Amino acid sequence: MNAPLLEVRDLYKHFAVPQGFGRAPLVLRAVDGVSFDLQRGGTLGLVGESGCGKSTLARLVVRLTEPTSGSIRVGGEDALVLRGAALRHWRRRVQIVFQDPYGSLNPRLTAGAAIREVLEVHGIARGGAAAERTNALLEQVGLSVVQGRAHPHELSGGQRQRVGIARALAAEPEILVLDEPVSALDVSIQAQILNLLRDLQARLGLTLLFISHDLRVVRLLCQRVDVMYLGRIVESGPALEVFKSPRHPYTRALLQAVPRPVPGARPAAAVTGEPPSPIHIPPGCRFHPRCALRVPGCDVAVPELVEWGPRHRAACVRAGEGGGPPPPFSAPGSQPRLDA
Amino acid sequence: MTRPLLEVDALQVRFMTELGPAHAVDGVSFQLDAGEILGLVGESGCGKSVTARAILRLVEPAGAIVGGDVRFEGRSLLGLTPAELRAVRGKQIGMVFQDPVASLNPVLTCGDQLREVLKAHHTCTAAEAQERAIQLLRRVRLPDPERQAGSYPHQLSGGMCQRVALALALAGEPRLLIADEPTTALDVTVQAQLCELLLELQAETGLAILLISHDLGLVAGLAHRVAILYAGRIVEYAPTARIFSAPQHPYTRGLLRALPAIDAEPGVFAAIPGTVPHPAALPAYCRFHARCAERIARCEHEDPVRRAIGPEHDVACHVDLDPAPVAGRPGGGP
């Protein structure tokens, strides 16, 4: 197997939450020991609910936030030691597209100017060459030259997201980090952007880190998926395999909760309560207070990611048990429950 | 035949925008029976929230209801005086909004807010209001209601805030609940809990629910009937099972195909080309024709009239589509 293009090892990001004068700050453990590999040309989906640390992880990978500890390597090169010009040059290799196509564009620049800015900052092209390259990038993301003269407020959400993607592509990156790139868009427009990403990946050989809370999209777009809960990866494996036979009770609960377009198929509330705050992380397995399968000891020992199938790992002491609940979407109409 | 609980009849709502008048809602009609859940589905800008708000006349004065009627238990709500309208809002028709945190008062505890609403609706003593408030919080399955009644909204999670907002909407014991994207801001596991709660309330109390959502998957599990809205008009209206097994309007079919199913085979995502038109710049005649793969010449110079094509199944389209299901769905088949 080739060396992975992106290697993340034991990454931690803790934020201090001030508590006022004379009181010690609390520690918010946003990313709490995450490791993963991403092969060149591969697509890794990172799923989890709000507050699980997936957006912080995205920002760490592109070095918009400095980690508390851990390592990030791109093509074998340690990304965390880079400073100044070397860091600026490195940034071309790893680009990010944000969730909010409204907030991530400068309202005073036209779409074309926003793309050209990237070309000039990175010294990729200037003058006439930059204009030509900008038009090519607009075309690549399905926008016309006329739309390139529009300001963000004159564009729809989907068109703005295309501009965001064109800006990221302008730097000619190897890795594209996509932080919830379609969640602000309508469902008919989502599909347009997902198809665009898939085409671009095939054409340009891009490596994608796709962050989303929407399991339906991740399953169809990604080869591999990592499921995050409260700052840690609880399950990792080939996407179709994880969705077909989830090992971790949290993954199962997430899958069961996904609404299905089948009349009468009710999303099953397979877990109670909501994720606790990343300031007060439960001891032992951090999912145990919500878990229907917990056994004595789950509140003490922290489960490690263990291999249960080919490249399929889960961090649960009961992940290996056979005869667990069937996959949640095996038979439309039936509603298997973890506690059934 | 009993009278429907809510009748919306050719409702028209207009806003003035920079681009000129916008007909956000343009002749929307539907009915809701007691105890029924109706899903109102569409993309952003299709007029679903405006329709919901117009029922309680919450669009005024920014927008104006310029035509049609809204009748609740046979009585028109559009001619009511402000005092009469106050007696309907909350007491007969409750409403929950998308953003649970923004719909609560940040400087009052949950208990205070509930007591305030209870006193507005009923004559009751402080002790009775307190007891009722705890009961309501228990009914929306808020954990530890006695303690949480003393919490401020910022101390609660999004899902808990939405439960409190639901308790507030139910405080006046309404017969109809308008739920405008009630779970969109919530995580998927919490969304499933809220859906269970809505179904329980509907089953226990015979509450009718107008469920506004962009998510056909969510509506499939909750609603008895579905109305699909596009650019201010209902393009298809049918029992939920029909919408999913035999969708007729090209837009409904497109929406169903675009919805990634959790058990679909990986492949190309089915997109609908183009974008939703701005309400102030609507295409003439069939508003979907520019994005429609099935369009014929007639679509560009004649308004499609909503017509019945089956029992309780209406569609507004010129094209006589094959009645066979087309959506790439389980039970649909590509």
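User: Where does B:Glu181 lie in chain B?

Analyst: First, how elements are named: helices (H or I, at least four residues) and strands (E, at least two) are DSSP runs, numbered from the N terminus. B:Glu181 lies in the loop between strand 7 (176-180) and helix 7 of chain B. This is a predicted model: local features need pLDDT of at least 70, side-chain atom pairs count only at pLDDT 80 or more, and totals for chains, interfaces and linings use all residues. Residues are numbered from 1 along each chain as its sequence is written, chains are lettered from A in the order in which they are written, and side-chain values use heavy atoms, with hydrogens and water left out.

User: Is B:Glu181 buried or exposed?

Analyst: Buried means under 20% relative accessible area, exposed over 50%, and partly exposed in between (1.4 Å probe, protein chains only). B:Glu181 has 7% relative accessibility, so it counts as buried. Look at its backbone too: phi is positive, about 50°, although B:Glu181 is not a glycine.

User: What is the phi of B:Tyr285?

Analyst: B:Tyr285 has a positive phi of about 60°, and it is not a glycine. Its place is the loop between helix 10 and strand 11 (307-310) of chain B. At 37% relative accessibility, B:Tyr285 counts as partly exposed.

User: Which residues does B:Leu108 touch?

Analyst: Contact means heavy atoms within 4.5 Å. Not counting residues up to four places away in sequence, B:Leu108 touches B:Gln113, B:Glu116, B:Tyr152 and B:Pro153. Take B:Tyr152: it is 44 residues from B:Leu108 in sequence, yet 6.3 Å away in space, C-alpha to C-alpha. B:Leu108 sits in the loop between strand 6 (93-96) and helix 3 (110-121) of chain B.

User: What is the nearest side chain of opposite charge to B:Arg163?

Analyst: Start with the rules. Lys and Arg count as positive and Asp and Glu as negative; His and the chain ends are not counted. A salt bridge is a side-chain nitrogen of Lys or Arg within 4 Å of a carboxyl oxygen of Asp or Glu. For B:Arg163 the answer is A:Glu274, 5.4 Å away. B:Arg163 is buried yet has no salt bridge. Its place is in helix 6 (residues 158-170) of chain B.

User: Which side chain makes a polar contact with the side chain of B:Arg163?

Analyst: A polar contact is a pair of N or O atoms within 3.5 Å; within protein, one must be able to donate a hydrogen and the other to accept it, and residues adjacent in sequence count only if both atoms are side-chain atoms. Here the partner is the side chain of B:Gln193, at 3.3 Å.

User: How many salt bridges cross the interface of chain B and chain A?

Analyst: The rule finds 1. A:Arg216 forms a salt bridge with B:Asp215, with the closest N and O atoms 3.5 Å apart.

User: What area do chain B and chain A bury between them?

Analyst: The size of an interface is often given as the accessible area lost when the parts come together. Buried area is that loss (1.4 Å probe), summed over both parts. Chain B and chain A bury about 3,900 Å², 63% of it on carbon and sulfur atoms. In chain B, B:Thr189, B:Ile262 and B:Phe269 lose the most area to chain A, together 22% of what that side buries.

User: How many residues of helix 10 of chain A are buried?

Analyst: 9 of the 9 residues of helix 10 (residues 249-257) of chain A are buried, so this helix is largely enclosed by the rest of the structure. Its cover includes helix 7 of chain B.

Conventions
Buried area is the accessible area (1.4 Å probe) that two parts lose on being put together, summed over both.
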